[in-house]
Amino acid sequence: MPPPPPRPRAWRCCWRRCWAAEGARGGPRRPLSSSSGQSTFDVAVVGAGIVGLASARELILRHPSLVFGVLEKEKELAFHQSGHNSGVIHSGIYYTPGSLKAKLCVEGAALCYEYCDQKGIPYKQCGKLIVATEQEEIPRLKALYERGLQNNVRGLKLIASKEIQAKEPYCRGLMALDSPYTGIVSYRQVAQAYAEDFQAAGGTVLTDFEVGNVEMATESPAGSKEGMKYPVVVRNSKGAEIRCRHLVSCAGLYSDRLSQISGCSPEPRIVPFRGDYLVLKPEKCYLVRGNIYPVPDPRFPFLGVHFTPRMDGSVWLGPNAVLAFKREGYRFCDFSGHDFMDAVAYRGLWKLVFKNFSYGMGEMYRACFLSAQVKQLQKFIPEVTVNDVLRGPAGVRAQALDGNGNLIDDFVFDGGSGDIGSHILHVRNAPSPAATSSLAIAKMIASEVERKFEL
């Protein structure tokens with residue numbers, strides 16, 4: 001099939017320029033709300049990722065008479081996992097019927113589209129094909145179709161090879177599961193809109209506030225007439241502090257470390273996995289119209305490489321999944337001795353490695369050799385060559401692991417022990433697709449906050 005004429009130059013933007021511009025836009029920021037460097041809140045939320053911001057927004061909308069704050073260690077919002085993901089609005093196909101993940105994803109996707117329409121946030125409902133390229137994958141694909149139906153995913157249907165090519169002219173496959181309501185969006189833009197809603201309702205966002213310690217107050221703040229109304233003291237790494245009645249931690253990659261401050265169990269442990277993407281050269285983006293995914297193999301812990309169109313018109317290919325040597329390490333050479341030793345000293349990681357040794361070695365090999373990753377992509381689009389791709393951005397996934405090497409696939413809430421534990425709620429694991437499900441997750445977290453703190 002001959003290639004179509006080149007797309008207009010304005011559309012054919014380079015992913016590097018768009019990625020840098022998106023990162024530079026940042027998000028709404030406010031300084032500490034008092035000249036003394038202290039502030040008081042009824043509830044403070046740690047973490048201005050998409051889950052933390054959605055939860056803060058939901059809480060302030062439910063309780064407008066209370067004072068809420070969000071504490072973020074970076075100078076920008078949604079800077080890490082929320083700003084380094086694929087941007088896919090998932091439909092809820094993969095998850096066990098009746099599970100919390102399935103319910104939250106289906107509900108969250110509907111809420112996400114509705115919210116984007118209300119706020120004028122651009123998105124594309126470009127659909128997704130989960131493509132079987134081998135006969136042995138077809139039974140798994142049909143089982144996935146049945147699972148999606150049980151999860152009430154809209155519009156699902158199985159299609160044959162001719163219909164695959166009608167939707168994706170360059171894609172080859174024996175059968176595919178067509179999910180027309182899967183979409184794409186910039187989740188950083190969505191998170192920024194949550195922050196704007198939160199601030200418009202009277203909430204305060206404190207950036208550049210890295211939580212260093214949380215403890216119970218032993219005395220009232222100097223000059224305060226409110227006594228011990230705000231018993232939780234939160235200090236940042238620069239010595240500034242805020243006080244609050246209750247604290248909600250949505251700390252993502254640092255959720256395990258922050259939770260141990262209040263006496264929580266060290267498990268589940270966060271082990272960072274980096275996902276490296278390739279990017280199609282702009283002149284080759286015509287090869288992909290919508291999301292193209294492989295049939296997941298239940299023997300392996302991750303989905304495998306896929307084709308993901310982006311809102312800027314670029315197309316990402318991947319990701320792989322390799323151990324990151326730094327919790328916020330987006331490059332191969334990023335290294336933290338503390339993070340590395342924390343990961344490799346954990347028995348749960350070694351058990352995961354031994355259970356998936358061949359898979360892990362394959363992922364490392366493909367991370368090093370471009371041709372190996374392209375070979376996987378050619379199963380779906382044979383026309384893709386090494387000359388058509390560039391190395392692209394990366395994301396780091398906060399993967400929660402237990403001591404037996406099992407990936408924690410459900411939500412984990414914790415408080416801790418002692419007096420401080422009764423004032424803190426830790427969201428220790430908010431598994432993928434947390435961005436898609438963020439508004440639904442926020443409702444669940446807000447209800448848990450109300451229950452625990454009797455708001």
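This is a predicted model: local features need pLDDT of at least 70, side-chain atom pairs count only at pLDDT 80 or more; totals for chains, interfaces and linings use all residues.
**Overall make-up**

The chain contains 13 helices and 20 strands. It has 455 residues, of which 56% are buried. Among the contacts in the chain with a separation of 6 or more, 76% are between residues 24 or more positions apart.

**Helix packing around α6**

Helix α6 (residues 187–200) packs against helix α2 (residues 50–62), and their axes come within 9 Å and cross at roughly 30°. That angle is under 35 degrees, and α2 and α6 are therefore roughly parallel to each other. In passing α6, α2 makes a left-handed crossing. On the α2 side the contact is formed by I50, L53, A54, A56, R57 and I60, and on the α6 side by Y187, V190, A191, Y194, A195, D197 and F198. Sorted by class, this contact of α2 with α6 comprises 11 nonpolar and two charged residues, with no polar ones.

Helix α6 also packs against α3, at an angle of about 70° and with the axes 11 Å apart. An angle of 65 to 115 degrees counts as roughly perpendicular, and α3 and α6 are therefore roughly perpendicular to each other. The crossing of α3 and α6 is left-handed. Here α3 contributes C112, Y115, C116 and K119, while α6 contributes Y187, V190, A193, Y194 and D197. The contact of α3 with α6 has seven nonpolar residues, two charged residues and no polar residues.

The two packing arrangements are set out below.

| Helix pair | Axis separation | Crossing angle |
|---|---|---|
| α2 and α6 | within 9 Å | roughly 30° |
| α3 and α6 | 11 Å | about 70° |

Y194 of α6 is listed in the contact with α2 and in the contact with α3. Leaving aside neighbours within four places in sequence, Y194 is in contact with I50, L53, A54, R57, Y115, S438 and L439.

In soluble globular proteins, nonpolar side chains tend to be buried together. In this model the largest nonpolar core holds 49 residues, and those touching the most other members are I50, L53, V70, Y187, V190, Y194 and V248. At least two residues of this core come from each of β1 (40–46), α2, β2 (68–71), α3 (100–119), α6, β20 (424–429) and α13 (438–453). With nine residues, α13 gives the most to this core. A second, separate core has 25 residues, including I292, F307, V374 and V389.

S249 belongs to strand β12 (residues 241–249). Its relative accessibility is 1%, so S249 counts as buried. Not counting residues up to four places away in sequence, S249 touches V46, L258, L425, H426 and V427.

G416 is located in the loop between β19 (412–414) and α12 (418–421). Because its relative accessibility is 37%, G416 counts as partly exposed. With neighbours within four places in sequence left aside, G416 is in contact with S262, G263, C264 and G421. G416 and G263 are 153 residues apart in sequence, yet their C-alpha atoms are 4.8 Å apart in space.

Conventions: Residues are numbered from 1 along each chain as its sequence is written. Side-chain values use heavy atoms; hydrogens and water are left out. Helices (H or I, at least four residues) and strands (E, at least two) are DSSP runs, numbered from the N terminus. Buried means under 20% relative accessible area, exposed over 50%, partly exposed in between (1.4 Å probe, protein chains only). Contact means heavy atoms within 4.5 Å. Axes are lines fitted to C-alpha atoms, for helices over the stretch in contact, and angles run from 0 to 180 degrees between N-to-C directions. Angles under 35 degrees count as roughly parallel, over 145 as roughly antiparallel, 65 to 115 as roughly perpendicular and the rest as oblique. A crossing is left-handed if the near helix is turned anticlockwise from the far one by less than a right angle, and right-handed if clockwise. Ala, Val, Leu, Ile, Met, Phe, Trp, Tyr, Cys and Pro count as nonpolar, Asp, Glu, Lys and Arg as charged, and the others, Gly among them, as polar. A nonpolar core is a set of buried Ala, Val, Leu, Ile, Met, Phe, Trp, Tyr and Cys residues joined through side-chain atoms within 4.5 Å.
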